[in-house]
Amino acid sequence: MQTITVLGSTGSIGTQALEVAEKHNIKIKALAANSNTELLARQVKQTGAEYACICNKSREASLRAALEGCDVKILTGNEGLKTIAQLDGVDKMLNSVVGMVGLEPTLAAIEKGTDIALANKETLVAGGELVMKRAAEKGIKIYPVDSEHSAIFQCLQGNKREQLDKIILTASGGPFYGKKRDELKNVTVQQALNHPNWSMGSKITIDSATLMNKGLEFIEAMHLFALEPRQIEVVVHRQSVVHSAVQYKDFSVIAQMGVPDMKIPIQYALLYPDRVECPTRELSLTDYGTLTFEKPDYDTFDCLTACIHAITMGGIMPAAANAANEVAVRAFLDGRISFLQIGELVRNAISTVKNRPCDCLETVLETDRQTRALTEERILQLDS
Ligand code: MG
């Protein structure tokens, strides 16, 4: 029997992971959430977790009240996440928190020697060089949870990594597929949150609408699979059935398919290399009938273009692009900026921040702080 911890347990990935864990008798040692104390308390009672962490410290009293009488240790804040990342007797940590806050727990788990199921893409976008280097030194396995990276990981099984030619990273295109910039000027938060295929949290859903999500995944893929930018082809595939593919040197292309349900990649990351029944539905290709593939519109979806630019520059630029986007998405959700301004803010960060090597955690955190500040400043200028 496997024992895991789940960071981000009340989010979309976290709740589905608990469903998978329950089906396969995976023991849950610790749970962490940002602010949803009600659901976190219910999860603690259901799973018998020994530790519960609430990141938003102002919610501590509410969590304590909800868990009154339970035999559970309560932790708070980012220190709590790091404590959970370093617990003894854990086989795997699922990191599904949203944003840069996921980086330090990932590094902490690596130091502890715990394998990671990684759903927090910002970890690799901002600190990819550090994380992959340290994981290799410590012999830690990182199992991708993101559907595209899980697909690539699955397509690599049983083949020689050095014979890989390129990967084909598929993108649904999001809710604004086919739209041009002048049609996107006045889109509302509600329209942007209306994703055609996947049901996800608000940050990633906005990232899917801007295609920033694909840009982050592009960077994530480079780190996870040690690729050059020219080895990644982004293809818009509206149906989200082909989750990504790998092309080998003989031009044989192997794709992974399935219904768009995150429980499949979550389960593969948790149970690797086992393939047993998953709590989802099977794929019917004849129900779909037609699968389509197109080139992305790089002019309209400038966040994707900006991410590819950032990773090609290297150094701290991906961390800067990520930080600007986190601030911009928050501002868009709060009604402070328009949809197209998200891309402008990401591009602004890349052209303003001075690049340097991304050699240590402090550099990543400093870049993150600096870029958040300059992006906030820029938003204030836009307001006035
Ligand atoms: Mg994805």
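Tutor: We will go through the metal site, the salt bridges and the domains in turn. This is a predicted model, in which local features need pLDDT of at least 70 and side-chain atom pairs count only at pLDDT 80 or more, while totals for chains, interfaces and linings use all residues. Residues are numbered from 1 along each chain as its sequence is written, and side-chain values use heavy atoms, with hydrogens and water left out.

Student: Okay, which residues are the protein donors of the magnesium ion?

Tutor: They are Asp146 (OD), Glu148 (OE) and Glu217 (OE), which lie 2.1 to 2.2 Å from the ion. Donors here are N, O and S atoms within 2.8 Å of the metal (3.2 Å for Na, K and Ca), and since water is not among the atoms, sites may look incomplete. Along the chain, the spacing of these donors is D-x1-E-x68-E.

Student: Is Asp146 buried or exposed?

Tutor: Asp146 counts as buried, at 9% relative accessibility, and Glu148 is buried as well, with a relative accessible area of 8%. Buried means under 20% relative accessible area, exposed means over 50%, and partly exposed is in between (1.4 Å probe, protein chains only).

Student: And which residues are linked with Asp146 in a network of salt bridges?

Tutor: Asp146 is linked in that network with Lys121, Glu148, Lys214 and Glu217. A salt bridge is a side-chain nitrogen of Lys or Arg within 4 Å of a carboxyl oxygen of Asp or Glu.

Student: Where is the place of Lys121?

Tutor: Lys121 sits in helix α6 (residues 121-138), where helices (H or I, at least four residues) and strands (E, at least two) are DSSP runs numbered from the N terminus. Lys121 counts as buried, at 5% relative accessibility, and its side chain makes a polar contact with the side chain of Glu217 (2.8 Å). A polar contact is a pair of N or O atoms within 3.5 Å; within protein, one must be able to donate a hydrogen and the other to accept it, and residues adjacent in sequence count only if both atoms are side-chain atoms.

Student: How many salt bridges does the count come to?

Tutor: The count comes to 27 salt bridges. Among them is the pair Glu60 and Arg64, with the closest N and O atoms 3.0 Å apart; these two are four residues apart in helix α3 (residues 60-66), so about one helical turn separates them. Another joins Glu376 to Arg336, with the closest N and O atoms 3.5 Å apart. Glu376 lies in helix α17 (residues 361-383) and Arg336 in the loop between α15 (317-333) and α16 (339-352), so this pair ties together parts that are 40 residues apart in sequence.

Student: New topic: what does the domain assignment give?

Tutor: It gives domain 1 (3-144), domain 2 (147-173 + 211-296) and domain 3 (182-199 + 303-384), with bounds that come from an automatic or database domain assignment.

Student: How many residues of domain 2 are in contact with domain 3?

Tutor: 21 residues of domain 2 are in contact with 15 residues of domain 3, where contact means heavy atoms within 4.5 Å. The area buried between domain 2 and domain 3 is about 1400 Å², and carbon and sulfur atoms give 78% of it. Helix α11 (residues 212-225) gives the most to the side of domain 2 that touches domain 3, with eight residues. Buried area is the accessible area (1.4 Å probe) that two parts lose on being put together, summed over both.

Student: How many salt bridges are there between domain 2 and domain 3?

Tutor: The count there is zero salt bridges, whereas three residue pairs are in polar contact between domain 2 and domain 3 (both at pLDDT 80 or more).
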